[in-house]
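Dear colleague,

Please find below the sequence and structure that I am handing over to you. My notes on the fold follow directly after.

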Amino acid sequence: MVTLNNITKTYNKGAVTAVDKVSFSVEKGELFGLIGPDGAGKSSIFRMLTTLLLPDSGTAAVAGHDIVKGYQQIRSSVGYMPGRFSLYQDLTVEENLRFFATLFNTSVEENYHLIEDIYVQLSPFKGRRAGKLSGGMKQKLALCCALIHKPVVLFLDEPTTGVDPVSRKEFWEMLQRLKQQGITIVVSTPYMDEATLCDRIALIQHGRILSIDTPDGVVRSYPSNLYAIKATDMPRLIQVLATYGSPFNSYIFGEYIHVDTPPNGSEGLIANLTSFVADAGLTDVEVIRITPTIEDCFIKLLTS
Amino acid sequence: MTPKAPVIKTERLTKRFGDFVATDEITFEVHEGEIFGFLGANGAGKTTAMRMLCGLSAPSSGTATVAGFDIYRQTEQIKRHIGYMSQKFSLYEDLTVLENIRFFGGIYGLSKPQLRLKSETLVERLGLQSEAKKLVGELPLGWKQKLAFSVSILHDPKIVFLDEPTGGVDPVTRRQFWTLIYEAASRGITVFVTTHYMDEAEYCNRISIMVDGRIEALGTPRQLKAQLDEPSLDSVFYRLARGAKNNG
């Protein structure tokens, strides 16, 4: 449904490479995640796929149309929710929705079933101007407007950035329901924990794809062993771990410190670490072997 | 952590906009050198509370002091004794790294020799020597945020307010940012921080969770998990915030 072949995009006359020879493809009906921090090149990729920006080199196609030659067909068959809120602030909720439906030669009624779930939450505010909505409501309206012409591919650029964990979870539940309706979804996010909700993900940084796989596949290909350690005095534990001789990488992760170590260096590590840390005077020491999260995988890819 | 003098002390602090109560009688204290996580869903009233504490918005009722100053009468002194940074407003993109440091240092009233010394140590500590004369707009987001934080505490404020400082930052840089926060706290600067990353909530000494304008929970991460009998702060947050009426 979406394919990219060696797509490159530079800015400032080639001084800044935003997207560097990126290739991937998204299957029909798939929920595909581009996972990476701000500035990784996610928005540039979205803007090229939605024909708002031309690549420097490489080719790409969306819904069977080339992004350069077939831009008109692409524009009428995709839905796009940009990272920045871009609806008409001085039109009401209802007016915005009707405007976008009319633009695509359809009506709100015709495709209402697609947005019904989301729109019922908005309908108490349907007479309110879009500019006066709360962040969460704006996001829901933007999604409705991107859906109202029944797109075959939906591009969502960082729909959950700055959104609290509860609303984020609700938003992903909406995406799962849309996926069940057969819509192909490409979504980007800087939140690593959202990666597990996608069918497949591409981890991206500095315009380059670091890894493409299912979330499980990314985790399975983690090349070393990972442990989690905690003690009563965490700041002291960080200092103590820094003096441990063996070559490993340790970093804070929620209530634990994660310790990454090559498989050959992990023989007896739990016992050794526990006594090393206890000898330094730390109490309530707990060391466990853990399965990496996507965030651990990302850190590993960035630091190796 | 042993309680020290409160840097923030509020008593039934309230802000109303017409019929809407954005911040509803919140009472809490933040101690010197503490890292205090101020959590809540979108629309829970965090920003309104923060604006009052920074002396930018007058409360409707209740009392509060920040760095020992009254938030009704001494807003100018408050502004001089606090630092502030957010994901949205940080630095001037079309000034260089050094120009930004000099500009904000000047605003905070640092003398020329102080400024020269501070600029040098700051640039060195962040490892920005080769970028010192580059425009801030050309720096990657993670560096911008680390620089913005360092600039916000250039004048050694009593307390620094950080509004979602790590939003969108990569996981490695996010952790480097927290190292800077720890350093500042160990120098005695109190840190008041909002975040949507629940792992970061674990790095705070204490956290509060706001729901519909009220503080629904307050304590160390360990206490909150024990109180609500939940395995993680993620589930604590979800349980408290799910029932919110003003939910985003």
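In chain A, buried residues make up 43% of the 304 residues; a residue is buried if 20 or more other C-beta atoms lie within 10 Å of its own, exposed if 12 or fewer, and partly exposed in between, with C-beta atoms placed from the backbone. This is a predicted model, in which local features need pLDDT of at least 70 and side-chain atom pairs count only at pLDDT 80 or more, while totals for chains, interfaces and linings use all residues. Residues are numbered from 1 along each chain as its sequence is written, and chains are lettered from A and ligands numbered from 1 in the order in which they are written.

Chain A contains 10 helices and 14 strands, where helices (H or I, at least four residues) and strands (E, at least two) are DSSP runs numbered from the N terminus. Taken along the principal axes, the C-alpha atoms of chain A fill a box of roughly 70 × 45 × 35 Å. Of the contacts in chain A with a separation of 6 or more, 70% are accounted for by residues 24 or more positions apart; two residues are in contact if their C-beta atoms, placed from the backbone, lie within 7 Å.

Between the two chains, 27 residues of chain A are in contact with 28 residues of chain B. On the side of chain A that touches chain B, at least two residues each come from helix H5 (135-147), helix H6 (165-180), strand S12 (249-253) and helix H10 (294-303). H10(A) gives the most to this side, with 5 residues. By class, the residues of that side of chain A divide into 13 nonpolar, 10 polar and 4 charged (Ala, Val, Leu, Ile, Met, Phe, Trp, Tyr, Cys and Pro count as nonpolar, Asp, Glu, Lys and Arg as charged, and the others, Gly among them, as polar).

H5(A) also packs against helix H3 (residues 93-103) of chain A, at an angle of about 20 degrees and with the axes 8 Å apart. Axes here are lines fitted to C-alpha atoms, for helices over the stretch in contact, and angles run from 0 to 180 degrees between N-to-C directions. That angle makes H3(A) roughly parallel to H5(A); angles under 35 degrees count as roughly parallel, over 145 as roughly antiparallel, 65 to 115 as roughly perpendicular and the rest as oblique. The contact is made by Val93(A), Asn96(A), Leu97(A) and Phe100(A) of H3(A) with Leu141(A), Cys144(A) and Cys145(A) of H5(A). These residues divide into 6 nonpolar, 1 polar and no charged.

A further helix pair is found in chain B. The axes of helix H3 (residues 97-107) and helix H4 (residues 112-125) of chain B come within 10 Å and cross at roughly 135 degrees, and H3(B) and H4(B) are therefore oblique to each other. H3(B) contributes Val97(B), Leu98(B), Ile101(B), Arg102(B) and Gly105(B) to the contact, and H4(B) contributes Leu115(B), Lys118(B), Ser119(B), Leu122(B) and Val123(B). This contact has 6 nonpolar, 2 polar and 2 charged residues.

Helix H1 (residues 46-53) of chain B is mostly covered, as 6 of its 8 residues are buried. The buried residues are Lys46(B), Thr48(B), Ala49(B), Met50(B), Met52(B) and Leu53(B). Just after H1(B), Gly55(B) takes a positive phi of about 80 degrees.

Turning to the strands, 4 strands of chain B form an open sheet in the order S2-S1-S4-S5, with antiparallel pairing; two strands pair if DSSP finds at least two bridges between them. Strand S2 (20-31) and strand S5 (69-70) of chain B are the edge strands, each pairing on one side only. Within this sheet, strand S1 (residues 6-17) and strand S4 (residues 61-66) of chain B pair in the antiparallel sense over 5 bridges, and Thr10(B) has Ala64(B) in S4(B) as its bridge partner.

In chain A, strand S9 (residues 200-205) and strand S10 (residues 208-213) run antiparallel and are joined by 5 bridges. Ile204(A) has Ile209(A) in S10(A) as its bridge partner. The hairpin of S9(A) and S10(A) has 2 residues between the strands, and His206(A) takes a positive phi near 50 degrees there.

Two other residues of chain A deserve mention for their backbone. Ala63(A), in the loop between strand S4 (57-62) and strand S5 (65-66) of chain A, has a positive phi of about 50 degrees although it is not a glycine. With 17 C-beta neighbours inside 10 Å, Ala63(A) counts as partly exposed. Glu158(A), also not a glycine, has a positive phi of about 45 degrees and is found in the loop between strand S7 (153-156) and H6 of chain A. Glu158(A) counts as buried, with 22 C-beta neighbours inside 10 Å.

With kind regards
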